[in-house]
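This briefing is written to be read beside the sequence and the 3D view. Please keep both open while working through the points below.

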Amino acid sequence: MIFITLGTQLSFDRLIDFYLDSFNASDFISDHDVVIQGELSDRHVKIIEMLPHIKHFNYMTSDEYAEIFSCSDLIISHLGMGTVITAVYSNKPIICVPRTVKYGEHRNDHQLDAASYFNGKFSNVRVVSDFDVFLIEIAELLKFDQTKNRQVFKSELAANLYSSSIELLRK
Amino acid sequence: MDVLIISSPGGHSVQASIIYSVFKDDCNVDVEHFIAGNEFREIKDDNFKINDCNFNTPLSCFFCLIRSIYMFSKLKPKIVISTGAAPGCIFLLVSRCFGSKCIWVDSIANIKNLSLSGRIAQFFCNDIFTQWEHLSSKRIKYIGSVI
């Protein structure tokens with residue numbers, strides 16, 4: 001199953017177009033069932049109603065989200081930090097398209113700024129802005145073995161915050 | 001209460017819950033994580049619902065301020081940590097006025113400069129942390145990131 005998540009705040013038509021175009025372009029993508037979380041434009045709602053392999057939810061509780069996230073073979077999302085961090089901690093293959101101000105997808109370009117940092121830093125995280133690269137990376141990531149090279153992530157920040165807080169509480 | 005962690009939903013709450021889980025491992029620490037805004041429908045207890053807001057809508061910030069004062073008086077946390085955004089900033093301001101230790105952790109999303117809430121929070125918080133080494137200074141410290 002492929003999980004497409006758009007975050008909680010804004011719609012992201014370009015990402016849905018990327019998926020729908022790739023669905024038409026290649027068999028290995030059309031084989032997979034899809035769950036979409038987030039708000040869609042009326043145009044996309046109409047298209048998706050005709051495609052029985054896609055389920056769409058405007059809103060999910062965090063438990064529902066976590067369950068679908070852990071069941072899926074691939075995550076397609078915007079470059080939202082929450083989604084990327086969750087994918088890094090669970091070694092889940094994820095392909096991210098940064099939202100841009102240019103297309104009215106966000107209030108600022110912080111997702112574009114983050115793109116260069118996240119691309120290549122983690123083997124399961126790919127950041128793309130271009131449709132052709134999107135197709136290539138999807139094909140690669142669908143072969144990704146989630147159980148291999150699994151790292152246990154420990155946040156240095158959280159550990160440091162914890163130890164300094166304990167010191168303070170003991171005083 | 002020892003430690004209260006407060007955040008907006010989405011990326012802010014994912015980062016906050018990573019910090020929360022480290023505190024939660026120590027059963028001697030009384031710690032809670034509250035998420036402002038749309039996820040409040042998952043919080044059963046009416047006392048701990050706080051609305052999400054941003055600095056473009058002053059009225060929502062005012063409601064958030066009122067809720068923050070109420071929640072603080074119920075919980076009286078010794079340490080308050082926020083990963084953002086505006087509701088966390090407002091809650092920290094209230095907490096600071098009542099004498100708690102206040103810590104701001106700027107979101108990892110802010111690569112080029114500190115968030116607006118972070119820039120406001122640095123005037124009254126005890127500690128300000130960025131998750132990017134190149135943004136650190138004497139006042140804004142870097143002690144690692146969530147990933």
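A salt bridge is counted here when a side-chain nitrogen of Lys or Arg is within 4 Å of a carboxyl oxygen of Asp or Glu. Under that rule, one salt bridge is found across the interface of chain A and chain B, and eight are counted over all chains. The model is a predicted one, and the predictor gives the complex an ipTM of 0.88 and a pTM of 0.88.

**Chain A as a whole**

- The secondary structure of chain A comes to eight helices and six strands, and from the N terminus on these elements follow the order β-α-α-β-α-β-α-β-α-β-α-β-α-α.
- Chain A has 171 residues, and buried residues make up 49% of them.
- If one takes the contacts in chain A between residues at least 6 apart in sequence, 62% of these contacts join residues at least 24 apart.

**Confidence in chain B**

- For chain B the mean pLDDT is 90, and 93% of the residues in this chain reach 70 or more.

**Where the two chains meet**

- The contact between the chains takes 29 residues from chain A and 32 residues from chain B.
- The size of an interface is often given as the accessible area lost when the parts come together.
- For chain A and chain B this buried area is about 2800 Å², and carbon and sulfur atoms give 75% of it.
- The salt bridge between the chains is formed by the side chains of A:Asp113 and B:Lys112, with an N to O distance of 3.5 Å.
- Five residue pairs in polar contact are also found across the interface of chain A and chain B, counting pairs with both residues at pLDDT 80 or more.
- On the side of chain A that touches chain B, helix H5 (81–90), H6 and helix H8 (156–170) of chain A each supply at least two residues, and H8(A) gives the most, with eleven residues.
- The residues on that side of chain A divide into 18 nonpolar, nine polar and two charged.

- Side chains of opposite charge can pair when their charged atoms come close.
- In chain A, the side chains of A:Asp17 and A:Arg43 meet in a salt bridge at 3.3 Å, N to O, and this pair links distant parts of the chain, since A:Asp17 is in helix H1 (residues 13–25) and A:Arg43 is in helix H3 (residues 42–49), 26 residues apart.
- A:Asp17 is partly exposed, with a relative accessible area of 23%, and A:Arg43 also counts as partly exposed, at 44% relative accessibility.
- In chain B, the side chains of B:Asp2 and B:Lys78 meet in a salt bridge at 3.0 Å, N to O. B:Asp2 lies in the segment before strand E1 (3–7) and B:Lys78 in the loop between helix H2 (58–75) and strand E3 (79–84), so the pair ties together parts of chain B that are 76 residues apart in sequence.
- B:Asp2 is buried, because its relative accessible area of 14% falls under the 20% limit for that class, whereas B:Lys78 counts as partly exposed at 49%.
- A further pair in chain B is B:Asp127 and B:Lys101, whose side chains meet in a salt bridge at 3.1 Å, N to O. B:Asp127 lies in strand E5 (residues 127–130) and B:Lys101 in strand E4 (residues 101–105), so this pair ties together parts of chain B that are 26 residues apart in sequence.
- B:Asp127 is buried, with a relative accessible area of 13%, whereas B:Lys101 is partly exposed, with 22%.
- Salt bridges that share partners join A:Arg126, A:Glu137 and A:Glu140 into one network.

**A loop residue, A:Val101**

- A:Val101 is found in the loop between strand E5 (94–97) and helix H6 (110–118) of chain A, and at 36% relative accessibility this residue counts as partly exposed.
- Leaving aside neighbours within four places in sequence, A:Val101 is in contact with A:His106, A:Arg107, A:Asn108 and A:Asp109.
- The C-alpha atoms of A:Val101 and A:Gln111 are separated by 9.7 Å, and these two residues are ten apart along the chain.

Note on methods:
Residues are numbered from 1 along each chain as its sequence is written. Chains are lettered from A and ligands numbered from 1 in the order in which they are written. Side-chain values use heavy atoms; hydrogens and water are left out. Helices (H or I, at least four residues) and strands (E, at least two) are DSSP runs, numbered from the N terminus. Buried means under 20% relative accessible area, exposed over 50%, partly exposed in between (1.4 Å probe, protein chains only). Contact means heavy atoms within 4.5 Å. Buried area is the accessible area (1.4 Å probe) that two parts lose on being put together, summed over both. A polar contact is a pair of N or O atoms within 3.5 Å; within protein, one must be able to donate a hydrogen and the other to accept it, and residues adjacent in sequence count only if both atoms are side-chain atoms. Ala, Val, Leu, Ile, Met, Phe, Trp, Tyr, Cys and Pro count as nonpolar, Asp, Glu, Lys and Arg as charged, and the others, Gly among them, as polar. pLDDT is the predictor's confidence in each residue, from 0 to 100.
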